[in-house]
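Student: Hi! I have just opened this one and would like a friendly walk through it. Where shall we begin?

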Amino acid sequence: MAAEIQPKPLTRKPILLQRVEGSQEVVNMAVIVPKEEGVISVSEDRTVRVWLKRDSGQYWPSIYHVMPSPCSCMSFNPETRRLSIGLDNGTISEFILSEDYNKMTPVKNYQAHQSRVTMIQFVLELEWVLSTGQDKQFAWHCSESGQRLGGYRTSAVASGLQFDVETRHVFIGDQSGQVTILKLEQENCTLVTTFRGHTGGVTALCWDPVQRVLFSGSSDHSVIMWDIGGRKGTAIELQGHKVTVGGPSSHSWTKSLSSGTGESRRNLRPPAPCGGETPFPSSRDVQLWCGGTAPYGFHPSDKVQALSYAQHTRQLISCGGDGGIVVWNMDVERQETPEWLDSDSCQKCDQPFFWNFKQMWDSKKIGLRQHHCRKCGKAVCGKCSSKRSPIPLMGFEFEVRVCDSCHEAITDEERAPTATFHDSKHNIVHVHFDATRGWLLTSGTDKVIKLWDMTPVVS
C-alpha cells in the first residue's frame, strides 16, 4: 500500500524581486521611486544613481552622478522630484530630477554642517530642509531662499530624525540613546522634552502621525514605541531574536534584562516636562524588543538598524545588522509586562537566595540564585522556574523563563505568535517601504540593494 503524501504547509515570507548591484562602497541610503520601476541610491563611493528597470528585467543606472564628497544620506520628494543629498563634508546638495528620471539638474547647496551630514528630511508643506550632522547640530533651512532659519545643539551625534507637520514637532535621536523633541517656528525652536530609554545609541526613528507614536531603534538591540499622544500608562516588550531577553517595567522606571547567566539593569527615564503646547510623552511608553542578548551580553551585529511602519495594516517592520527582518502585528491587544518583585527568598518555595545569610544560617540551607518569572514577575529559584514558554501577547515571541504555576496557566491560544521573522541574507543598514505596492527596499554592508515583495507578510 502506497504511503499517503501530505502537502507541506505554505510558508508566508517576503519574495525577493531584485538584486541591484554595482556600487563600489556601502549604499548608505536608497528609496523606491513611487509609480515607477526605479530606485534612487547614494553611496560612500560618492555616486548618486537612479536605477530603472529595463526590458531585460534588470535595473541599470539611468543617472550616474559623482559628488565631490562621499554621500551619507538623502531625502527624496516624489511630488516635486526634489532630491536632497547630504555629504561627508557637511554640505547638502539639492537637485531636481526630470520626469523620465534620466537627468538631474542642480538647484542649490546648503553649507549646513561643519562635518558629515547624518540625516535629512525635506518638508514640502513648509519648504523646509531639516538636517543633523556629526557636529552635534540640528539645523533647518528655507528651501526657497537657501537661508538658515535656526539650529539646536544636541547632546550627542544625531542619528535619527522625524518631523510631524501638523504640530511642527521634530524628533531627534542621538548616539547617547536620548530622544529630543523640539517645537519649530519659522526662525526659532523650543525644547519640549527629552527622554531616554535605550542603553545604546539611537540608530533609527519612525513616526506614525495617525496613532501618534514614535518608534526608536537602538544599538542595544531594542525598539521602543513611545506613546506621544496617549496618557495611559502601559509597558509592553517584544522579543525579536531567538535569545533570552526579558525585564519588567517598574514604578521607578527601571528595566531589568536577563542575559542568560546574570542580570543587568536598564533605566527607562520618563520624559521631563519642558515648555510646549502639545503634550509630551507621558509615563506610557511601550517597549518593543527587536534584538536581544547572547549568554554573556549583546552580539554587536544584532543591533536594530532601520524601522518602517505600515499604517494601513498597523505592522512594524524592523531590520537588524544581523540581516533579520521582523514584522510585528501592532493591531492586537497586548498585555503589560509585570513589575519584577524583590525578595530575599523564593516566592514559591521560600528557599533563601544566596545573599540571605540569616535565613541560610537559620535553615541550614545553601542559598540559591534568584530568577524572575516573565509572566507574573515573582522572584523564584531555578527549581520553581524550570519551564519555558513563549508569551507573544506580552511580547515574548520565543520561550522565556516562567514559574511552574504560570506555565500551567498559559493556554495554547496565548502562545500563538504575533510576529514573523525573516532572513534577508545581508547585513542591513537602511530600509524603505513603499506601502502602495507593499515593496521593501533593503541596502546592506555587502554594497547590494534588495527589493522585496512584502505583501505575503504585510497584509
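Tutor: Let's begin with a term: a disulfide here is a pair of cysteine sulfur atoms within 2.5 Å.

Student: How many disulfides does a search of the whole structure find?

Tutor: The search finds zero disulfides. Take Cys 373: the closest cysteine sulfur, in Cys 376, is 3.6 Å from its own sulfur, too far for a bond.

Student: Is Cys 373 buried or exposed?

Tutor: Cys 373 is buried, at 0% relative accessible area, whereas Cys 189 is partly exposed at 22%. Buried means under 20% relative accessible area, exposed means over 50%, and partly exposed is in between, with a 1.4 Å probe and protein chains only.

Student: Before we go on, what kind of model is this?

Tutor: This is a predicted model, where local features need pLDDT of at least 70, side-chain atom pairs count only at pLDDT 80 or more, and totals for chains, interfaces and linings use all residues. Residues are numbered from 1 along each chain as its sequence is written, and side-chain values use heavy atoms, with hydrogens and water left out.

Student: OK, the big picture then. How many helices and strands are there?

Tutor: The protein has two helices and 34 strands. Both are DSSP runs numbered from the N terminus: helices are H or I with at least four residues, strands are E with at least two. Of the 459 residues in the protein, 56% are buried.

Student: Which residues does the "repeat: WD" annotation cover?

Tutor: In the unreviewed UniProt entry, that annotation covers residues 20–51, 195–228 and 421–454. UniProt positions are in the numbering used here, feature names are shortened, and annotations may be inferred rather than shown by experiment. In the model, residues 195–228 are 0% helix and 62% strand, with end C-alpha atoms 11 Å apart. Residues 421–454 are also 0% helix and 62% strand, and there the end C-alpha atoms are 12 Å apart.

Student: What else does Lys 447 touch?

Tutor: Leaving out residues up to four places away in sequence, Lys 447 touches Val 20, Ser 23, Gln 24, Glu 25, Val 26 and Val 27. Contact means heavy atoms within 4.5 Å.

Student: New topic: how many aromatic pairs are there?

Tutor: The count is 11 aromatic pairs. One of them joins Phe 353 and Trp 355, a tilted pair at 5.3 Å centre to centre with 40 degrees between the planes. Rings of Phe, Tyr and Trp (its six-membered ring) pair if their centres lie within 6.5 Å; planes under 30 degrees apart are stacked, over 60 edge-to-face, and the rest tilted. Phe 353 is buried at 0%, while Trp 355 is partly exposed at 33%.

Student: Which residues form an aromatic cluster?

Tutor: Trp 128, Phe 138, Trp 140 and Phe 163 form one aromatic cluster.

Student: Last one: what is the phi of Arg 168?

Tutor: Phi of Arg 168 is near 60 degrees, a positive value in a residue other than glycine. Most residues other than glycine have a negative phi. Arg 168 lies in the loop between strand 14 (158–164) and strand 15 (169–174).
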